[in-house]
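Let's take a friendly look at how two chains meet. Have the sequence and the model open as you read.

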Amino acid sequence: MFAYANPKRFMEVSAPLLPWLAGATAVAFAAGLYLSVAAPPDYQQGDTVRIMFIHVPAAWVAMMAYGFLALASLIGLINRHPLADVAAKQAAPLGALFTALALITGSLWGRPMWGTYWEWDGRLTSFLLLFFLYLGYIALWNAIENETRAARAAAILALVGVVNLPIIQFSVQWWTTLHQGESILRRGGPLIAAVYLWPLFIMAAGYTLLFFTLLMVRMRTEILQRRARTLAMGGPNAG
Amino acid sequence: MSAFAALLARDIRLAARAGGSAMLALGFFAAVVTLLPLGIGSEARLLASIAAGVLWIAAVLANLLTLDRLFQADYEDGSLDLFALSPLSLEGIAGAKIMAHWLTTGLPLTILSPLLAVLLHLPAAAYPALLVSLLTGTPAISAIGAVATALTVTVRRGGLLLPLIVLPLLTPVVIFGAGTVLASIDGLQNGGIWFLAAFAGVTLPLSPFVAAAALRLNLSE
């Protein structure tokens with residue numbers, strides 16, 4: 001696997017892959033958004049139920065991004081793989097963005113449904129912490145000048161922060177406060193009608209594809225930037 | 001005297017003497033707790049209900065203030081490099097420093113806290129919980145703080161970066177620490193103290209290794 005993952009090989013493989021990934025993202029969003037709007041209004045929530053289609057996938061991808069970041073950090077730390085460092089570094093701002101998106105859409109959904117923009121509930125609080133974890137990770141990367149050293153330090157921080165993921169996942173079971181419990185990946189099947197489940201899954205696919213498309217663009221940019229810097233310094237690997 | 005004990009004694013002496021951080025942290029702790037009623041209002045019932053949270057947050061902040069001295073000063077004057085060359089492993093060094101930090105910050109804060117709790121009208125029933133929770137939780141603060149400072153030791157003005165890294169990791173300590181004290185006001189036990197003990201029980205043995213890994217990468221060059 002690692003033989004195919006050196007930066008040069010990555011640039012070669014990702015270049016033709018990128019348009020397909022971007023195209024798939026566009027298709028998934030087109031289908032997902034159409035189904036989201038076409039779904040009937042909920043008998044209790046009315047049209048606000050549609051917020052679910054942009055809120056829930058954002059939250060899923062925000063958590064997946066942290067899992068990805070932690071995995072890339074682990075590989076970077078153990079195998080000293082530069083591409084893994086690049087992947088982790090570039091996943092962080094995206095993860096922070098999706099976390100912010102989940103928090104904002106959640107709060108806009110909470111206002112009509114719960115009557116409040118914010119509640120210090122287990123899941124909301126742990127998600128806010130996820131946002132701060134991302135910010136701390138990004139800040140640490142930017143604070144250390146030496147790139148390899150920054151990558152290692154940030155990787156250690158990312159792995160320490162992994163403890164927050166299960167807390168987010170199980171917070172709705174541990175503290176039964178305002179945020180509803182697990183209603184999709186539960187024993188006994190989902191609690192959501194199929195007309196809502198399909199758009200949700202397609203939107204989730206769209207968000208995931210969007211994450212990886214943007215990640216690929218960011219990683220390519222980072223590698224090109226590093227090459228440009230090496231060229232400018234006239235380094236041994238120039239060209 | 002073993003290298004571990006020597007390092008421990010040295011750090012405690014440094015913290016206790018002039019310019020050390022032990023008294024500063026206590027002063028800061030007392031100042032925050034004193035300032036709060038002046039800002040929020042000194043009504044006894046209001047203060048009693050927020051006393052637990054105030055004491056816990058002030059304790060965390062006072063710890064934060066002293067964290068950058070854990071490795072930073074030794075890194076800057078080069079003594080950390082000398083320690084790394086000593087027979088004591090980096091894990092041992094981190095362990096000794098965590099212990100010294102707790103003995104000079106967490107422990108004095110815990111001892112001072114009942115006095116400040118009187119100023120905040122904390123109900124008498126909550127004092128044992130306050131002491132036990134601080135005694136259990138503050139070692140975990142030192143342990144997690146050591147990891148974060150080891151990560152940022154080469155960063156100039158790392159003091160500004162530190163809170164952003166440490167505070168998200170410390171929230172369980174604050175939640176369960178203050179939660180235990182709050183519950184004990186009503187004579188309840190909410191199990192928070194066990195979460196706190198478990199948290200400390202996991203972070204204390206692991207943190208010297210993580211901190212040593214962070215130091216190793218920062219010292220390698």
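This is a predicted model: local features need pLDDT of at least 70, side-chain atom pairs count only at pLDDT 80 or more; totals for chains, interfaces and linings use all residues.

Residues are numbered from 1 along each chain as its sequence is written, chains are lettered from A and ligands numbered from 1 in the order in which they are written, and side-chain values use heavy atoms, with hydrogens and water left out.

Chain A brings 18 residues to the contact and chain B brings 19 residues, where contact means heavy atoms within 4.5 Å. Together the two chains bury about 1600 Å², with 79% of it on carbon and sulfur atoms; buried area is the accessible area (1.4 Å probe) that two parts lose on being put together, summed over both. On the chain B side, B:Leu151, B:Leu164 and B:Leu217 lose the most area to chain A, together 32% of what that side buries.

By class, the chain B side that touches chain A looks like this:

| Class | Residues on the chain B side |
|---|---|
| Nonpolar (Ala, Val, Leu, Ile, Met, Phe, Trp, Tyr, Cys, Pro) | 13 residues |
| Polar (the others, Gly among them) | five residues |
| Charged (Asp, Glu, Lys, Arg) | one residue |

Across the interface, zero salt bridges are found (a side-chain nitrogen of Lys or Arg within 4 Å of a carboxyl oxygen of Asp or Glu).
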